[in-house]
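Q: Could you walk me through this model with me asking as we go along?

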Amino acid sequence: MTHYRLAIARFWHESNSFSGIPTQICDFEQYQGGTLIGSQLLEHAERRDEIAGMMEVFSGRDDTEMIPLISAGALPAGLISQDTVDHLEQQLLSQLLPAGKLDGVCIALHGSMSAEQTPDLDGYFLQVLRSHVGPEVPIVVALDCHAIVTQQMVELANALIAYRTHPHTDLVETGARCAQVLMDTVHGKIHPLTRARRVPLILPPPDDGTTADPLKKVFNTFIGWDDLEGVIACSMCPAFPFQNVSEQGSMALAVTDGDADLANRLVDDLAGLFWDVRHELLPDPMLSPAKALEHAATIEGAPVVITDSADTVGGGAPGDNTCILDAVLAHRHTINGLILLHLPDADAVEQLKNVQVGQTATVAVGGKRDRVFCQPLTVTGEMLCVSSGPIQDDAAAGFQETIETGPILCLGIDNVRLVLTERVILGPQPSVFRAVGIEPFEAKVVILKTGIGYKMTYAHVAKAVLRADCPGAQSYNLKNYLFEHVARPIFPLDGEFDWNP
């Protein structure tokens with residue numbers, strides 16, 4: 001029996017060009033379970049990411065030896081520093097070089113990793129792998145569907161297969177699909193060939209993601225192509241619009257069983273379909289924070305969700321922008337009921353560590369991480385609760401079921417409940433409010449730093465969802481940013497122009 005040695009790996013980071021927070025080595029070391037090397041990858045049975053899917057396919061087979069290399073991720077933020085790139089590369093090589101001859105590689109890449117000196121960091125790591133295994137060994141790549149797929153990535157990988165959901169709920173399934181493609185490839189059952197077609201289009205994530213038209217129709221169309229003879233997998237990557245790189249744009253991908261003509265036809269059809277719905281994908285007009293609160297006060301029932309999408313941690317924003325808090329404090333008396341808001345602020349938590357429940361304290365909150373779009377805001381409130389994490393990952397934002405938060409404090413400012421955590425939290429988590437004894441579904445207004453993540457945790461109970469127009473690193477108004485490196489024209493920055501695949 002032929003024995004196949006198949007490597008698995010994962011690098012995950014969404015790099016925001018407009019965030020003022022560079023991503024450092026410590027960010028990878030502190031994120032979730034930290035960087036996992038070698039056999040450590042196999043010890044996290046609770047993980048809910050692509051590695052879990054790869055392990056499902058490769059484990060327990062007599063003909064397969066799974067070679068774990070590295071799993072490294074960091075909270076989305078600004079560009080990755082060069083010393084961090086060097087560190088991650090050395091960690092990869094520390095496992096890759098002694099691994100010996102490999103018969104295949106299955107790697108999960110975000111697809112929108114970018115470093116200060118290496119705009120296409122995903123492609124860079126693929127080059128490291130390709131240089132080691134040689135041109136004949138198959139490499140299959142799992143991608144976030146918000147990948148900015150580069151020509152280098154297409155040339156280096158045998159197959160590129162992206163998530164088919166947003167909010168992302170199919171990480172494990174995508175890993176398993178990629179692992180099966182690699183398995184079938186090394187057994188000689190298929191010969192994957194990838195073609196790509198770039199669409200000059202960048203857009204903020206649509207409110208309903210892939211759960212409603214027009215994205216649902218587009219995604220259902222190419223998912224249906226799985227049944228066509230010769231098709232291995234198709235993907236649509238609407239890109240990550242908050243990155244200022246030369247190959248920015250959405251990408252249609254098709255992986256076929258050695259049929260280049262079929263792959264080219266499919267990517268042309270998919271690119272054209274996506275271009276045709278571009279106007280439907282444009283976000284609805286936003287409200288000023290004051291107008292959003294004014295409107296919330298007129299809506300019957302609770303909760304009313306107000307989103308500050310420009311400060312979405314999951315898109316690389318700092319999460320501690322104070323613009324909407326300032327508006328909440330100015331207009332809090334117009335709201336009949338509780339207003340909830342969470343900010344990560346290790347400095348404020350440290351200053352308040354000796355304040356007892358029932359005491360009044362004054363502290364500057366927010367604006368410590370985001371030094372580009374806001375300043376700290378001084379507040380005075382009553383300490384209502386002192387708690388600590390971890391909290392439940394209600395949003396399924398990470399590969400573990402819980403999230404470390406450090407201490408959790410709740411300040412009461414009249415009807416405002418300001419929750420502070422030592423650590424940054426990925427995803428809009430109802431559990432952060434429950435940790436201080438507040439049921440968020442019963443509050444009148446809940447302020448969330450999210451673009452679309454609320455769909456996972458609040459959509460089923462929200463009486464209304466209002467998007468506030470705030471400054472920040474992930475504003476849905478893309479004309480707020482200077483895209484000097486992006487190839488032009490590109491929609492919607494440059495208005496209407498003719499394009500076809």
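Q: Before we start, what kind of model is it, and how are the residues numbered?
A: It is a predicted model, in which local features need pLDDT of at least 70 and side-chain atom pairs count only at pLDDT 80 or more, while totals for chains, interfaces and linings use all residues. Residues are numbered from 1 along each chain as its sequence is written, and side-chain values use heavy atoms, with hydrogens and water left out.

Q: OK, strand S1: is it mostly covered or mostly open?
A: Strand S1, residues 4–12, is mostly covered, as nine of its nine residues are buried. Buried here means under 20% relative accessible area, with exposed over 50% and partly exposed in between, using a 1.4 Å probe and protein chains only. Strands are DSSP runs of E with at least two residues and helices are runs of H or I with at least four, numbered from the N terminus.

Q: And which residues sit on each side of S1?
A: On one side are Tyr4, Leu6, Ile8, Arg10 and Trp12, and on the other Arg5, Ala7, Ala9 and Phe11, and all of these are buried. In a regular strand the side chains alternate between the two faces of the sheet.

Q: Which strands does S1 join?
A: S1 runs parallel to strand S3 (residues 64–73), to which nine bridges join it, and also parallel to strand S4 (residues 104–109), with six bridges. Two strands are taken to pair if DSSP finds at least two bridges between them. As for individual positions, Trp12 stands opposite Gly73 in S3, whereas Ala9 has Ile107 of S4 as its bridge partner.

Q: Changing topic, where is Thr23, and why is it called buried?
A: Thr23 is placed in the loop between S1 and helix H1 (25–30), and it counts as buried because its relative accessibility is 0%.

Q: What does its side chain meet?
A: The side chain of Thr23 makes a polar contact with the side chain of His13 at 3.1 Å, and a polar atom of the Thr23 side chain lies 2.8 Å from the backbone oxygen of Gly78. A polar contact is a pair of N or O atoms within 3.5 Å; within protein, one must be able to donate a hydrogen and the other to accept it, and residues adjacent in sequence count only if both atoms are side-chain atoms. Setting aside residues up to four places away in sequence, Thr23 touches residues including Phe28, Ala74, Leu79, Ile80 and Thr84, where contact means heavy atoms within 4.5 Å.

Q: And Asp311, where is that one, and why does it count as buried?
A: Asp311 is in the loop between strand S10 (304–307) and helix H10 (323–331), and it counts as buried because its relative accessibility is 0%. Leaving aside neighbours within four places in sequence, Asp311 is in contact with Ala317, Pro318, Gly319, Asp320, Asn321 and Lys449.

Q: How many cavities are there?
A: The search of the whole structure finds three cavities of 30 Å³ or more. On a 1 Å grid over the protein atoms alone, a cavity is a set of points where a 1.4 Å probe fits but cannot get out, and a pocket is an open set with protein on both sides within 12 Å along at least five of seven lines, with lining residues having an atom within 4 Å of a point. Grid points are joined across faces, edges and corners, and a volume is the space filled by probe spheres set on the points.

Q: What lines the largest cavity?
A: The largest cavity holds about 200 Å³ of space and is lined by 16 residues, with His342, Ile425, Gly427, Pro428 and Lys449 nearest its centre. The largest share of that lining, three residues, comes from S11.

Q: And the largest pocket, what is its volume and lining?
A: The largest pocket has a volume of about 740 Å³, and of the 44 residues lining it, His166, His168, Gly314, Ala397 and Leu426 are the closest to its centre. Helix H6 (171–186) and S1 each supply at least two residues of this lining, and H6 gives the most, with three.

Q: Last one, where does the second largest pocket get its lining?
A: The second largest pocket, of about 610 Å³, is lined by 23 residues, of which Gln30, Tyr31, Leu75, Arg423 and Val424 lie nearest its centre, and H1 gives the largest share, three residues.
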